[in-house]
Amino acid sequence: MAHSAMSGTGSTASDDPLGTAVWRLRSRACWADAAALLQPATPASALQRAALLVERCLYTEQGWAEAEDALRTAEALADSDDERGAAACERGQLAYAATLHGVRDRADEARAALGRAAALIAPGAPGRALLDFRRGLLAENLTGSPQAARAAYRRAHAGATAHADPLLLSFTWRHLAGLALRDGELAEARHGFAESLRIREELGYLVGTAPALASLAETEPEPEASRLREEARRLFRLLGGVPTWLAQQLTPPAPGAATA
């Protein structure tokens, strides 16, 4: 199962005390606390607050109503094409998350919202890389088109590099590596997963580190694979079982169970 980054806003710690506090809470899976620090008084703050709550839905499968409310506020405050496009991108991500987690089939809404975002966000704009990444997620996980997904992820990777967005780069590395692993390209997959893990550890993105460890473990021989999975389990427990979708991947086989 593939999962995504939120907007670049607040994606790293900064010299701004509020931005640093939001990042620290977000990176430790405290999205509601991070959102509570933001007053939706401007388009930027309303969008950042909505993005935090949308991400919480993806990682915890909870808080759908709060995310919808925050998103409606962001959509109402948006007054430029870039702001409307960014809000549409978050709308598409929320609909994608609801579909992915089986809450409700909103695949058509997700596609329409991301299409609307594509019409509003100019090519080369900072928000375009995140949009490309999310369109890749839809292609991979809802449409079942890995070739289209790979092309979108590569565009997102190039955009994240151009705009120096390391967190998004950690996601593009990870998802390109996942496609490489599916194709049996083990060395390429290992490199991509290792890069994703390195970036997340450097950023202190704790909530994304366990998934990165678990993914890298899929490409490593024993005993390194078991060591990586155990470290992922430790972080997963530390964060209270978040992200929820990682639980099945980290569940050790039952004693005596047959292994392939």
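How are α6 and α7 oriented to each other, roughly parallel or roughly antiparallel? The two helices are roughly antiparallel. The cut-offs are these: angles under 35 degrees count as roughly parallel, over 145 as roughly antiparallel, 65 to 115 as roughly perpendicular, and the rest as oblique.

This is a predicted model, in which local features need pLDDT of at least 70, side-chain atom pairs count only at pLDDT 80 or more, and totals for chains, interfaces and linings use all residues. Residues are numbered from 1 along each chain as its sequence is written, and side-chain values use heavy atoms, with hydrogens and water left out.

## Helix packing

Two packed helices are described by the angle between their axes and the distance between the axes. Axes are lines fitted to C-alpha atoms, for helices over the stretch in contact, and angles run from 0 to 180 degrees between N-to-C directions. Helices are DSSP runs (H or I, at least four residues), numbered from the N terminus.

Helix α6 spans residues 107–120 and helix α7 residues 126–143. Their axes lie 10 Å apart, at an angle of about 155°. The crossing of α6 and α7 is left-handed; that is, the near helix is turned anticlockwise from the far one by less than a right angle. On the α6 side, the contact (heavy atoms within 4.5 Å) uses A107, A110, R111, L114, A117 and A118. They meet R128, L131, R134, R135, L138, L142 and T143 in α7. By class, this contact has eight nonpolar, one polar and four charged residues. Ala, Val, Leu, Ile, Met, Phe, Trp, Tyr, Cys and Pro count as nonpolar, Asp, Glu, Lys and Arg as charged, and the others, Gly among them, as polar.

Helix α7 also packs on helix α8 (residues 146–162), where the axes come within 8 Å and cross at roughly 160°. α7 is therefore roughly antiparallel to α8. This crossing is left-handed too. From α7, the residues include F133, R135 and E140; from α8, they include Y153, R155 and G159. Ten nonpolar, two polar and four charged residues make up the contact of α7 with α8.

## Aromatic pairs

How many aromatic pairs does the structure hold? It holds six. Rings of Phe, Tyr and Trp (its six-membered ring) pair if their centres lie within 6.5 Å; planes under 30 degrees apart count as stacked, over 60 as edge-to-face and the rest as tilted. Two of the pairs are tabulated here.

| Pair | Centre to centre | Angle between planes | Class |
|---|---|---|---|
| W23 and Y205 | 5.7 Å | 20° | stacked |
| W31 and Y59 | 5.3 Å | 40° | tilted |

The pair of W23 and Y205 links distant parts of the chain, 182 residues apart. W23 sits in helix α1 (residues 17–27), Y205 in the loop between α10 and α11. Both W23 and Y205 are buried. Buried means under 20% relative accessible area, exposed over 50%, and partly exposed in between (1.4 Å probe, protein chains only).

W31 in helix α2 and Y59 in helix α3 are 28 residues apart. W31 is buried at a relative accessible area of 1%. Y59 is buried, also with 1%.

Ring pairs also build a cluster of W23, F133, Y153, F171 and Y205. Of these, F133 in α7 and Y153 in α8 also belong to the α7 and α8 contact.

## Selected residues

E68 is in helix α4 (residues 64–77). Is E68 buried or exposed? E68 is buried, with a relative accessible area of 15%. Beyond its neighbours within four places in sequence, E68 is in contact with R91, L94 and R106.

L235 lies in helix α12 (residues 224–238). L235 is buried at 4% relative accessible area. Its contacts, leaving out residues up to four places away, are L206, T209, A210 and L213. L235 and L206 are 29 residues apart in sequence, yet 7.8 Å apart from C-alpha to C-alpha.

## Backbone details

Two cis peptide bonds deserve a look. E222 to P223 is cis, with omega near 5°; P223 lies in the loop between α11 and α12. V242 to P243 is cis, with omega about 0°; P243 lies in the loop between α12 and α13.

E61 is not a glycine, but has a positive phi of about 60°. E61 lies in the loop between α3 and α4 and is partly exposed at 34% relative accessibility. A164, also not a glycine, has a positive phi of about 50°. A164 is in the loop between α8 and α9 and counts as exposed at 63%.
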